[in-house]
Amino acid sequence: MKTIGKVFYMKPLADYYIIIEIITNVLRGKNLVNEFNYQVDRVLNVGKVKDITFGVFRNYNILASIFALLVPKKINEIQLKSIILIGLYEIKYTNKVEYAVTNDLVNITSRLYKNNQIKNFINAVLRNYLRSQKELDIKLSSDFEYKYNFPLWMINKLTHDYKDNYQDIIASLNGKPKLGIRVNQRKIKLLDYLALLDSSNIKYNKVNDFIYLMELSNYKLLPKFEQGYVSIQDIHAQELINFVDIENGCRVLDACSAPGGKACQILENKSVDITCLDIDNSRLDKLRQNLIRLNLTANIKCGDARNNDWWDHKLYDYVIADVPCSASGTIKKNPDIKYIRTVDDITNFVKLQRDIVHNLWKMLKSNGILIYITCSIFIDENKNNIDYFLDKYRNMQLLDEKVLLPQDYADGFYYAKLKKLAI
Ligand SMILES: C[S@@+](CC[C@H](N)C(=O)[O-])C[C@H]1O[C@@H](n2cnc3c(N)ncnc32)[C@H](O)[C@@H]1O
């Protein structure tokens, strides 16, 4: 296989090589957001690269259904699949003139492979699509993955979990995301920060006192970002502060803490002694950077919430368990989840979530509160887990729960407030 790195970049097409590389890496199992962020400084037109790479995965089930009809035989070369998916995406979802899509991609294939057979193959597949677009649409109209633009197992799961509104949920998750922001009110009053946004011509909207940006701009352009006046945080992720009234002076464990969105939100609003634990030290580095930027302090520990070797054996008043999950509520921001996740992942996440909570429950004082959070909308990771815990622990009481379904302006989240009874 010829690798993209060795190819001479022709300026107008240069971004396509990076787009192909990102999509191919994601098709091989890498994370889309990470791949995009890794390449972003090399690209000429960030908007275009983001639109195509995220657009391909946002529309993956539709494009993959078309691909399967156009290329019925298995092809081993994943990079060719990427090139075809890009072509299908641009023809179906962008204003780019159709012949220019085909010409550019055939050109790039020819430079990548220097093999006429491969070049002709890409040319034939894309031109075949141009000829048969309507016919394929009709053929696929009864295909569920095509119709809902979602993997079948997720459609089945959502139909089971939300039989009255699964279609709305899917439609919302297939939309483009908005960026929530959190104003650090230790540094600036909300209204004063909104005035700064106005004067920088950054369009935003409010939901209660939460703010989101109308367009996904580069967050580094937000006024006073580096000085810690503002952070990026989804509006539903910020709901924690309304959901639980953490008392000043308490001992708090944020058990799955990185990159620290919720810990920093707590510290901006409360004076508490907080321990931030995470299993992933590179993610903890992001938390460290956030604390420095926001001028906040926390005890940081790298360790596994399923065991005690990092613990000082002093009980906590509050434990925040923002557990690892399928992140199905964040598909708008991470559309590759539709491609990458499998039904077995849910079983594995549920086990991990249970193991974490079993261990953390021991670290909570009597009358202490554990907040269980996921950014998943699957009931197995949410309500069903809570029912399982309530069944296991006689000293556990469910005080409150909140199902926040994905909205135009926010991701899907689940919150449960569990009290440890003194019995
Ligand atoms: C949903 S994210 C946390 C988001 C974070 N609370 C925030 O608000 O920014 C889940 C985190 O759990 C961490 N994690 C996964 N397994 C873990 C484990 N066994 N022990 C501790 N942390 C774990 C992941 O590294 C990830 O950073």
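In which loop does Asn149 lie? Asn149 lies in the loop between helix 8 (144-148) and helix 9 (152-161), helices (H or I, at least four residues) and strands (E, at least two) being DSSP runs numbered from the N terminus.

This is a predicted model, in which local features need pLDDT of at least 70 and side-chain atom pairs count only at pLDDT 80 or more, while totals for chains, interfaces and linings use all residues. Residues are numbered from 1 along each chain as its sequence is written, and side-chain values use heavy atoms, with hydrogens and water left out.

Figure 1. Most residues other than glycine have a negative phi, and most peptide bonds are trans. Phi of Asn149 is near 55°, a positive value. Asn149 is buried, with a relative accessible area of 5% (buried means under 20% relative accessible area, exposed over 50%, partly exposed in between; 1.4 Å probe, protein chains only). Asn367, in strand 9, also has a positive phi, near 70°; with 45% relative accessibility, Asn367 counts as partly exposed. The peptide bond from Ala258 to Pro259 is cis, with omega near 5°, and Pro259 is placed in the loop between strand 5 and helix 13 (261-269).

Figure 2. The ligand has 20 residues around it, of which Asp278, Arg283, Asp304, Ala305 and Asp322 come nearest (a residue is near a molecule if one of its heavy atoms lies within 4 Å of it). By class, this shell has nine nonpolar, four polar and seven charged residues; Ala, Val, Leu, Ile, Met, Phe, Trp, Tyr, Cys and Pro count as nonpolar, Asp, Glu, Lys and Arg as charged, and the others, Gly among them, as polar. Ligand oxygen atoms are 2.6 Å from an N or O atom in the side chain of Arg283 and 3.3 Å from a polar backbone atom of Gly260. A ligand nitrogen atom lies 2.8 Å from a polar side-chain atom of Asp304. On its own, the ligand has 600 Å² of accessible area, of which the protein covers 87% (Shrake-Rupley method, 1.4 Å probe).

Figure 3. Four strands form an open, antiparallel sheet in the order 2-3-1-4, where two strands pair if DSSP finds at least two bridges between them. Strand 2 (204-207) and strand 4 (230-232) stand at the edges with a single partner strand each, so one side of each is left without a neighbour in the sheet. The twist averages 35° from one strand to the next (axes are lines fitted to C-alpha atoms, with angles from 0 to 180 degrees between N-to-C directions). Three bridges link strand 1 (residues 179-183) to strand 4 in the antiparallel sense, and Ile232 in strand 4 is the bridge partner of Ile181.

Figure 4. Strand 5 (residues 251-254) runs parallel to strand 6 (residues 273-278), joined by four bridges, and Asp254 stands opposite Cys276 in strand 6. Both faces of strand 5 are covered: Arg251 and Leu253 are buried on one side, Val252 and Asp254 on the other. Strand 9 (residues 364-374) pairs with strand 11 (residues 413-420) in the antiparallel sense over six bridges, with Ile371 opposite Lys417 in strand 11.

Notes:
Polar contact = N/O pair within 3.5 Å; in protein donor to acceptor, adjacent residues only side chain to side chain.
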